[in-house]
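Let's take a walk through a protein together, from its overall plan to a few details. Keep the picture in view as you read.

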Amino acid sequence: MTALSLCPHKMAGGAGSLEATGRDLLVAGPQPNMAEGAEEGRKLAELLAVGWQLWEELETGTAPSSGSPAVQDKVRQGLDVLRRANAMVAQLDLFSENEDLEEIASADLKYLLLPALLGALTLKQVDLSKRLEHLESARAHFWSFLKLCKSYGLGSFHLPPATSPPAEEGAGSPPRRSPANVQDKLVAMASSRQAKIERYKQKKELENRLASMKNSVDSGQSDEEQIREFYMLQTQKWINTSLEEIESVDQEIVLLRSRDTAKQSSAPPHSTSRQVRPPVKPFILTRDAVQAKVFGAGYPSLPVMTVDDWYDQRRRQGVVSGQSTPPAGLTDEELQKQQQEKKEEEDDEEALQKARNWDDWKDTHPRGYGNRHNMG
């Protein structure tokens, strides 16, 4: 068995690099292990290059939806290669809090960006059932990157808390505001707004400088000083991006946790079961005793005679006179005609003579005769 160990300290001034790890290796055993270390360096560089390229394709892509299968497939591939690269960086102990920035080789500065790239790709996952998990994982990656940059003195920024803020208590009720709290919040909002403006200006300036240097660095025509400056600018750009993403992630996490808390508080407890009530016997509300007797159980007051039988019974008792009442629905003219016909049937000489005179008069006088009211 041969033992291979990587020295945690690199040569000052950035003389060495991961691709030339032979100067930093303390080898005990045969020489082929040096070739193995160089192979690991090339593999790590390739993993970072593939992951970085996938991230750039996702940023500049024209896919209609971030949830399309093609986009999510690239996200999974990018996360896979970057996780493997990050694990190799941790295994090789490329970075240490006990060393200075000048001790990091220029070619190794790009590996500082691995946690930030992991956080950016983690946020591109669209599984809503795991959204909170993805947010917390992305925040952890961004915070790890910022902590590493802070230890090397890269950038002047305030390191956010290691964990996201908890859900606010009583999120469903309006918060109590005092004049002091309102004033503090206004001051904090103004400071945050000013910091965002400064970061935005710095971001635009960094993007312009990086765009002018990218071609020469990618083509391999840049010297070590230019490569170091390029990756230092990339690191500063990702510091601003990580600060913005952590602020946005914290706000979304608070909303998701508040929503979950509201759902739990509104849901009934599992220990209490719904009390089963015995069935209620149907009943009828009535106004008086007679109506209660009619609509009582079993309906005791059933009809025993028709309306005509009842009318005959009342007439025999003398309550109703024998003279029949005129049927409803007839006009006065029809009623008079019926009475006239009845008198004729009874051979009333006076009525019969009057009817004959009326017929004779209608024979000699046309309809409307003597009606001067409607003359034209």
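Ten helices and two strands make up the folded elements of this protein, which you are seeing as a predicted model. If you follow the chain from the N terminus, the order of the elements is β-β-α-α-α-α-α-α-α-α-α-α. Of the 376 residues in the protein, 28% are buried.

Now find helix α3, which covers residues 114-122, and helix α4, which covers residues 131-151. How do these two helices pack? Their axes lie 7 Å apart and meet at an angle of about 160°. Angles over 145 degrees count as roughly antiparallel, and therefore α3 and α4 are described as roughly antiparallel to each other. Where α3 passes α4, the crossing is left-handed.

Stay with α3 for a moment. Is this helix enclosed or open to the outside? A residue counts as buried when its relative accessible area is under 20%. Nine of the nine residues of α3 are buried, so the helix is largely enclosed by the rest of the structure. Among these buried residues of α3 are Leu114, Pro115, Gly119 and Thr122.

For a contrasting view, move along to helix α5, residues 179-218, where you will find Met189. Exposed means over 50% relative accessible area, so Met189, with 58% relative accessibility, counts as exposed.

Definitions and conventions: Residues numbered from 1 in each chain as written. Predicted model: local features only at pLDDT ≥ 70, side-chain atom pairs only at ≥ 80, totals over all residues. Heavy atoms only, no water. Helix = DSSP H or I, 4+ residues; strand = E, 2+ residues; numbered from the N terminus. Buried < 20%, exposed > 50% of the residue type's maximum accessible area, 1.4 Å probe, protein only. Axes fitted to C-alpha atoms, helices over the stretch in contact; angles between N-to-C directions. Parallel < 35°, antiparallel > 145°, perpendicular 65-115°, else oblique. Left-handed = near helix turned anticlockwise from the far one by under 90°.
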